[in-house]
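Subject: Handover of a structure with its ligand

Dear colleague,

Please find below the structure that I am handing over to you. My findings follow it, and I would be grateful if you could read them with the coordinates open.

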Amino acid sequence: MKNHLKTHLIQKENNQLIIAGKTAKQIIAIAGGTPCYIYDANKIKKQIASLKSQLPARIHLHYAVKANPFPPLVGQIATWVDGFDVASHQELLLALSCGMPSHKISLAGPGKSYNDLAAAILSGAIINVESSLELTRIYGICESHQCKANISLRINPDFELKHSGMSMGGGSKVFGIDAELAPKIISSIDTDFVNFKGLHIFSGSQNLNQHALVETHNKTFDLAYRLLDQACVSASQINIGGGFGIPYFENDKMLPLSAITDNLSLLMSQYQTKLNNAEIHLELGRYLVGSGGVYLSEIIDKKVSRGKTYLVVDGGMHHHLANSGNFGQVIRKNYPVLLANRIEDSECETVDVVGPLCTPLDILARGVSLPLAEVGDIFAVLQSGAYGASASPQEFLSQPKLRELLL
Ligand SMILES: *Cc1c(COP(=O)(O)O)cnc(C)c1O
């Protein structure tokens, strides 16, 4: 059975999966064992460079650190992108310690604590304000520290990004300030305490539909213009969100970029004067790092129960919740998976691959066709560079610590 997506995603040599120029067994020897995540720095660098070469030159590309906050990786990405978007105090500290200048870091997220806000204000990072009460709290902190905060207003748009894996704007949402309330709030901002930088309009995530993204970009530029015009202020930066998806499942296709980048070029010129030359920021997480990571585990048992064959591996949902189907998915589907040390074989069998946790939720693949596997073979989950280790309940069932490696 040919899986076109898988064929497209892998690099192989002598029927072995090659990651960062090495076989899985070599990677594991370097990591010191399984389970482990391997991130391919060069692949991620190329993905970012390729995207940048297609985007209009004036667009600033930001990395959303929450997609993969592995510090050595974030440190390298710092030199390849124009800024970071962070979603917690810890991520802010990581961004700063990677040498990202504070004015190129923005902090988003509902429920920012006093510490989150104070750290952002005093470091000079930009706060994407999510409510009017948050704005008032920022004034209070600025007053007590005798300093000024850099802020953008996060807007909950009056439209949705269609065909998104996860919708984060439109309708009633906890994220951002409803668009219809924004002009009044913007025009009443107290500039004794804050520098108004602009707007942040993020609509959704994991989108593989170029037309939906084009439509959202059109609406986003229009909304930004309308809000600033109604408030009679100008902005120095507009963050238009991201949402570019990557293929995970058998019928997924790579997101074609040309319609999106052509449209962005057009919007940049149409709105350049209307938006007073504001910088346009695109923030992406998954699209930059998702294809650059592979999760490797070793087969430790093989059993048949009432006609169904199970491969039991030493890794699982405690490291890769999204692959197990428990990270917000409605229907579980298999990620692209394979035997890293024997990609193809004349004989295959259909198996369920499960982890070591005592719960039926611990699934790595269901009903997949793999070469006849043996204990000691290496099982690989591709497309695992985003929302992997840090998005998983690693303490659950007290398994050995996860290894992460960047090569
Ligand atoms: C999660 C998030 C992102 C990144 O989303 P991806 O789908 O990984 O690109 C960007 N911006 C904000 C505000 C987010 O919350």
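This is a predicted model: local features need pLDDT of at least 70, side-chain atom pairs count only at pLDDT 80 or more; totals for chains, interfaces and linings use all residues.

Overall fold. The protein is built from 12 helices and 22 strands. Its radius of gyration is 23 Å, close to the 22 Å given by the globule rule for 407 residues, so the protein is as compact as a globular protein of that length. Along the principal axes, the C-alpha atoms fill a box of roughly 70 × 45 × 35 Å.

Ligand site. The ligand takes up the space of the largest pocket. Its surroundings consist of 13 residues, and the closest are K66, S205, E283, R286 and Y387. By class, the residues of this shell divide into 5 nonpolar, 4 polar and 4 charged. Two strands, β13 (204-207) and β15 (279-284), each supply at least two residues of the shell.

- S205: a polar side-chain atom lies 2.5 Å from an oxygen atom of the ligand.
- K66: an N or O atom of the side chain is 2.7 Å from an oxygen atom of the ligand.
- G285: here a polar backbone atom is 2.8 Å from an oxygen atom of the ligand.

How much of the ligand does the protein bury? Taken alone, the ligand exposes 380 Å², and the protein buries 93% of that.

Backbone. Most residues other than glycine have a negative phi, and most peptide bonds are trans. Two places in this model are to be read against that background. The peptide bond that joins T34 and P35 is cis, with omega at about -10 degrees. P35 is placed in the loop between α2 (24-31) and β4 (36-39). Q146, which is not a glycine, has a positive phi of about 50 degrees. This residue, Q146, lies in the loop between α7 (132-145) and β9 (149-156).

With kind regards

Technical notes. Residues are numbered from 1 along each chain as its sequence is written. Side-chain values use heavy atoms; hydrogens and water are left out. A residue is near a molecule or strand if one of its heavy atoms lies within 4 Å of it. A polar contact is a pair of N or O atoms within 3.5 Å; within protein, one must be able to donate a hydrogen and the other to accept it, and residues adjacent in sequence count only if both atoms are side-chain atoms. Accessible areas come from the Shrake-Rupley method with a 1.4 Å probe; for residues, only the protein chains shown count as cover. On a 1 Å grid over the protein atoms alone, a cavity is a set of points where a 1.4 Å probe fits but cannot get out, and a pocket is an open set with protein on both sides within 12 Å along at least five of seven lines; lining residues have an atom within 4 Å of a point. A molecule sits in a cavity or pocket if more than half of its atoms lie within 2 Å of its grid points. Helices (H or I, at least four residues) and strands (E, at least two) are DSSP runs, numbered from the N terminus. Ala, Val, Leu, Ile, Met, Phe, Trp, Tyr, Cys and Pro count as nonpolar, Asp, Glu, Lys and Arg as charged, and the others, Gly among them, as polar. The radius of gyration is taken over C-alpha atoms; the globule rule is 2.2 Å times the number of residues to the power 0.38.
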